Amino acid sequence: MENKLWYNTPAREWKEGLPVGNGRLAAMVLGYPEEERIALNHEWLWKGTNRYRDTEKRSQYLPKVRELLLDGKYEEGTLLANQAFGGDGGVSGKKGRVDPYQPAGDFHFRLKHGPISNYRRELDLDTAMVTISYNAENKVITRQVISHLTENLIIVRIVADQGDFEGDFWLERIEDPDCTITYDIYNNTIRMDGAFHEGIEFCVEAHIQSRGGRISAVGENRLRVEKAEEILAFINIGTSAKGEKPSQECARYPIPKMEWEELLQKHIDEHRKHYGKLKLEIPNTSNELPTDERIGLLRQGKIDPGLVVLYFNYGRYLLCASSANGELPANLQGKWNEDIDPPWQSDYHHDINLQMNYWLAEPGNLQEYTESLFQHIERFIPHGKKAARDLYGCDGVYFPIQTDAWGRATPESFGWAVWIGAAPWLSQHMWWHYEYGQDLEFLEKRAYPFLKEVAAFYESYLIEDENGMLQIVPSQSPENRFEGSGNLPVSLCVSAAMDIQLAMDVLSHCIQASKILNIDEEKCQVWEDMLKRLPPLKIGSKGQLLEWNEEFKEAEPGHRHISHLYGLFPGDLINPEATPDLYEAAKISLELRLAAGGGHTGWSRAWTACCYARMGDGEKAWEHLTALIRDFATNSLLDLHPPTIFQIDGNLGGAAAVLEMLLQSYHGVLDFLPALPKAWPNGQITGIRGRGGYIVDIDWQDGKLKKARVRSVKDQECTIYTRGNDYKVYDEFGNEVNIKKASGKIIFLIYKGVDYYIERV
């Protein structure tokens, strides 16, 4: 299997390092043999200077904004709306209040040895461990780094295959005028304390243990280890983000009294319980070259089907490493950041980026690692309700387009921020969690209450036009603009396509949930009426799906966002069965966007691959997946936003595209291999999940299904697309199962917990 990234040289810069993480703590390992640098992060280490920011009452401006937009005065309406609801930051000329995600500092060590040879640096995705090894002075020196999943510490092990060794170990942090740093050494522990001016405090502790030898302090922040046979460094980080002293957080994670072998095995076992539930195997694609050389050959035009498998597995690994024990979801850079002033504050963008980070979680059998996302959503609800009332005079919740960890729903990006679609889009993930897992308690206690809050906002926000239609005003297609709407970076309008689709999604999910739970019958009737009265989506003169309420001239035809295709993917409103005309229009829209230069960021290219996979075009999905690696990856396969900014959403979105190519499960129907690329004629995937509570294994040969195994979490009718093939179905006891055939599908009764096999005949 493609489960290792490896190199015969150290990283040239931070974003070519190898990441480890457990959700709470994260580290980037550079692998320098002379002086190692391990860059450290803690998920709650946001500066904290704006953690108590608040909204002001601005809803009195809404009628005038609506009047201007409804009259077609888009430039005036866009400007006034931003003055009323846009906040500072963005293009306002004023400083926004989104706190930047901060580095905790660096753990360094320098071993005393001469020249090295046989250098190797690798990240094993199956064990979640970075290993650096090399020869020096007739010894093989091995360094291993893990972010321990049960002990919640970063652990570094150094050992030589013979004899002893020595070195210096220290902590430091980049010079930062907004942060005061002090050091202390005690009990073989280096401690670094930090305090942001008017912000939060934090500490980093590095406890050194050695087998054999002697440990002594050298200066205020350095320990020297002499004559050691093995060194273990236990690194912990604490913050005051939740109202306790940083040292109190560290004290909750004591140094474990275990030998390395036991520690490592506990870590591996926990990792494999999640990462190991799904496996993708493509035969005859193994490649023994270093990963950077493989990427180089791909850029020269060489085909490497196994490299896409590795990229897929890496995406799954990154979701595990950024989410496992986390209370916060993966941000723009997962949990890895070295800059005190990172691009976009390394924040949470709610208009694609955060959602894309978790597209792979449910189908990819990493559903437990969505918990940090749901905590993020629920953390925002109290202030989101205040913001809805303050800004728009509405019930329910409003979430901002751009934010940080503090649960404050304030708009902070003048020119972009006037958009009410963030909470609806995030609610999709709560619905998915029910849809894939069929957990009624989750639906009743967490998903449905949030969906109702989002629907309550729409009930207050939608306005009836002269034809009885319910319009969304103001509305935008995130981050895009049309000509004639002024000089701000985003145009406001009436009922943009994405906003209509988001409202349709939320209301549909509320209706389904209320019927499943058998509650809120009267409210359900209200939602059904609202759903019928939403404006229809429109098709333009080129056959394209219109992005806005009119066929405006696009200011940037090759824009990176394809928000109007939300209903195609990640939504399921636009499909060839129910909406064939809109489906064809969505195809044309995507082609027009790409022809004009679209897909020019990593995450945008990943979204494009997902859309083509959804449309069953395996070759185009493959083309864009390959381009995602070729054009938007570092040598350590981390995704890049132009010019060269690490941004994790492309990694995670690319992994989602692979899942979409191999199994789709919309509207109660399983679809095996809907977009299988020719580059993978034979293969197997085990442990992929389908909506409706299914776990699926798929074997294919010569580009066609050979056999699939399906297991369900409940008794139900299972429906499967046949794609022109004849299938027989039998259960795990060898009994052939009666099937019904209906318009390209087979239907059979499946019982909870029993394996059923579907075989081509």
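Predicted model: local features only at pLDDT ≥ 70, side-chain atom pairs only at ≥ 80, totals over all residues.

Visitor: Which kind of pair do Trp425 and Trp607 make?
Guide: Their ring centres are 6.3 Å apart and the planes meet at 45°, so this pair is tilted. Helices (H or I, at least four residues) and strands (E, at least two) are DSSP runs, numbered from the N terminus. Trp425 lies in H9 (residues 422-437) and Trp607 in H14, so the pair ties together parts 182 residues apart in sequence. Trp425 and Trp607 are both buried, and the kind of pair is tilted.

Visitor: And which kind do Tyr448 and Trp527 make?
Guide: The ring centres of Tyr448 and Trp527 are 6.3 Å apart with planes at 85°, so they form an edge-to-face pair. Tyr448 sits in helix H10 (residues 440-461) and Trp527 in helix H12 (residues 521-532), which puts the two 79 residues apart and links distant parts of the chain. The kind you asked for is edge-to-face.

Visitor: How far apart are the end C-alpha atoms of H14?
Guide: H14 runs over residues 602-614, and 13 of its 13 residues are buried, so it is largely enclosed by the rest of the structure. The expected span is 1.5 Å times one less than the number of residues.

Visitor: Which residues have the most contacts inside the largest nonpolar core?
Guide: A nonpolar core is a set of buried Ala, Val, Leu, Ile, Met, Phe, Trp, Tyr and Cys residues joined through side-chain atoms within 4.5 Å. The largest one has 236 residues, and helix H6 (residues 305-323) supplies the largest share, twelve residues. The residues with the most contacts inside that core are Leu40, Phe107, Tyr392 and Phe672.

Visitor: What distance separates the charged end of Arg120 from the ring centre of Trp6?
Guide: A charge sits over a ring if NZ of Lys or CZ of Arg is within 6 Å of the ring centre and within 35 degrees of the ring normal. Arg222 lies over the face of Trp170 at 3.8 Å from the ring centre. For Arg120 over the ring of Trp6, the distance is 4.2 Å.

Visitor: What is the relative accessible area of Cys493?
Guide: Cys493 lies in the loop between strand E21 (470-471) and helix H11 (497-517). Contact means heavy atoms within 4.5 Å; leaving out residues up to four places away in sequence, Cys493 touches Leu69, Tyr74, Ile472, Val473, Pro474, Ser475, Phe482, Trp548 and Asn549. Cys493 is buried, with a relative accessible area of 0%.

Visitor: What is omega for the cis peptide bond that joins Val473 and Pro474?
Guide: Most residues other than glycine have a negative phi, and most peptide bonds are trans. Pro474 is in the loop between E21 and H11. The cis bond from Val473 to Pro474 has an omega of about -5°.

Visitor: What phi does Asn365 take?
Guide: Asn365 is in the loop between helix H7 (353-357) and helix H8 (371-392), and at 6% relative accessibility it counts as buried. Its phi is positive although the residue is not glycine, with a value near 65°.

Visitor: Finally, what is the radius of gyration of the protein chain?
Guide: The radius is taken over C-alpha atoms, and the globule rule is 2.2 Å times the number of residues to the power 0.38. For 761 residues a compact globule would come out near 27 Å, which agrees with the chain's own value of 27 Å.

Note on methods: Residues numbered from 1 in each chain as written. Heavy atoms only, no water. Buried < 20%, exposed > 50% of the residue type's maximum accessible area, 1.4 Å probe, protein only. Phe/Tyr/Trp six-rings, centres within 6.5 Å; stacked < 30°, edge-to-face > 60°.
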